[in-house]
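Here is a short briefing on one protein chain. Please read it alongside the sequence and the model.

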Amino acid sequence: MASLQGPALWVFNDATFSDQDFANIVKLGAGTKKDDASKVGKFGLGFNAVYNLSDVPSFISRNTIALFDPHKRHLPRGNPGMKIDLSLPKNRSLLKAVPLQFKPFEGVFGCALNQEQFVGYPATLFRLPFRSEEQAALSDIKKESYSPEKRRQFLAMLIKRAGNLLLFTQNVKSVEVFHLSRDERNPLNMTCLMSVTRESAISAQGPYHVLQIPLKAF
């Protein structure tokens with residue numbers, strides 16, 4: 001999975017997945033949400049939007065890491081997905097056996113997988129590796145790759161439209177956008193580019209500031 005360790009979009013939510021949420025997302029669009037109109041992506045299609053950016057999304061919430069690989073190219077035994085319960089001793093040993101596979105989560109928004117007494121992650125953190133040119137050429141999902149310039153343009157677009165994001169969500173109260181330079185190893189050194197809440201006006205450095213960040217930082 002070395003090809004998935006590069007630039008990625010992180011999505012953090014301070015709420016955790018319920019058991020039903022896990023069941024819904026693992027089914028990737030099955031109809032378990034159709035009777036609950038209070039859920040964003042109520043027809044099970046919301047999560048599938050991540051495939052516009054990435055072929056192999058993953059996330060952690062509570063004690064569980066989930067990975068999705070529709071092409072069956074990266075996970076063991078050709079699995080299209082895996083759900084790993086980190087509260088089980090056998091899976092804790094997996095973290096030690098292949099630490100580099102889980103390292104991209106470490107330290108991001110308080111995620112601490114390597115602590116001796118793992119008590120779970122009290123939030124939800126998605127990781128969406130941007131589709132590379134090589135992955136796009138082989139993808140049956142989407143042929144669009146994300147070069148450094150396209151990643152920068154994507155970030156600028158996100159900030160420009162941030163004021164509208166909260167209009168179409170029911171439970172999200174604030175949105176913040178951070179950037180961690182490609183050369184920076186410590187997630188604590190990420191830079192806040194934008195912050196907006198339902199109650200306040202947008203506070204942002206703006207898309208033009210993003211365009212001034214050197215391409216090598218992406």
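Accessible areas come from the Shrake-Rupley method with a 1.4 Å probe; for residues, only the protein chains shown count as cover. On that basis the chain exposes about 12800 Å², and carbon and sulfur atoms own 55% of this surface. The model is predicted: local features need pLDDT of at least 70, side-chain atom pairs count only at pLDDT 80 or more, and totals for chains, interfaces and linings use all residues. Residues are numbered from 1 along each chain as its sequence is written, and side-chain values use heavy atoms, with hydrogens and water left out.

**Overall fold**
- The chain has seven helices and eight strands; helices (H or I, at least four residues) and strands (E, at least two) are DSSP runs, numbered from the N terminus.
- Of its 218 residues, 36% are buried; buried means under 20% relative accessible area, exposed over 50%, and partly exposed in between, for protein chains only and a 1.4 Å probe.
- Among contacts (heavy atoms within 4.5 Å) with a separation of 6 or more, 55% link residues 24 or more positions apart.

**Aromatic cluster**
- The structure holds 14 aromatic pairs. Rings of Phe, Tyr and Trp (its six-membered ring) pair if their centres lie within 6.5 Å; planes under 30 degrees apart count as stacked, over 60 as edge-to-face and the rest as tilted.
- Phe17 and Phe22 form a tilted pair, because their planes stand at 55 degrees, with centres 5.2 Å apart.
- Phe22 and Phe59 are stacked, with centres 6.0 Å apart and planes at 20 degrees.
- Phe22 sits in helix 1 (residues 19-26) and Phe59 in strand 2 (residues 58-62), so this pair ties together parts 37 residues apart in sequence.
- Both Phe22 and Phe59 are buried.
- One aromatic cluster takes in Phe17, Phe22, Phe47, Tyr51, Phe59, Phe68 and Phe126.

**Thr64**
- Thr64 belongs to strand 3 (residues 64-68).
- Its relative accessibility is 11%, so Thr64 counts as buried.
- Leaving out residues up to four places away in sequence, Thr64 touches Phe22, Phe59, Lys83, Ile84 and Asp85.

**Strands 6 and 7**
- Strand 6 (residues 174-179) covers one face, with Val175, Val177 and His179, and leaves Ser174, Glu176 and Phe178 on the uncovered one.
- Strand 6 runs antiparallel to strand 7 (residues 191-197), joined by six bridges; two strands pair if DSSP finds at least two bridges between them.
- Val177 has Met194 of strand 7 as its bridge partner.

**Cysteines**
- The whole structure has zero disulfides, a disulfide being a pair of cysteine sulfur atoms within 2.5 Å.
- Cys111 is buried at 2% relative accessibility, whereas Cys192 is partly exposed at 32%.
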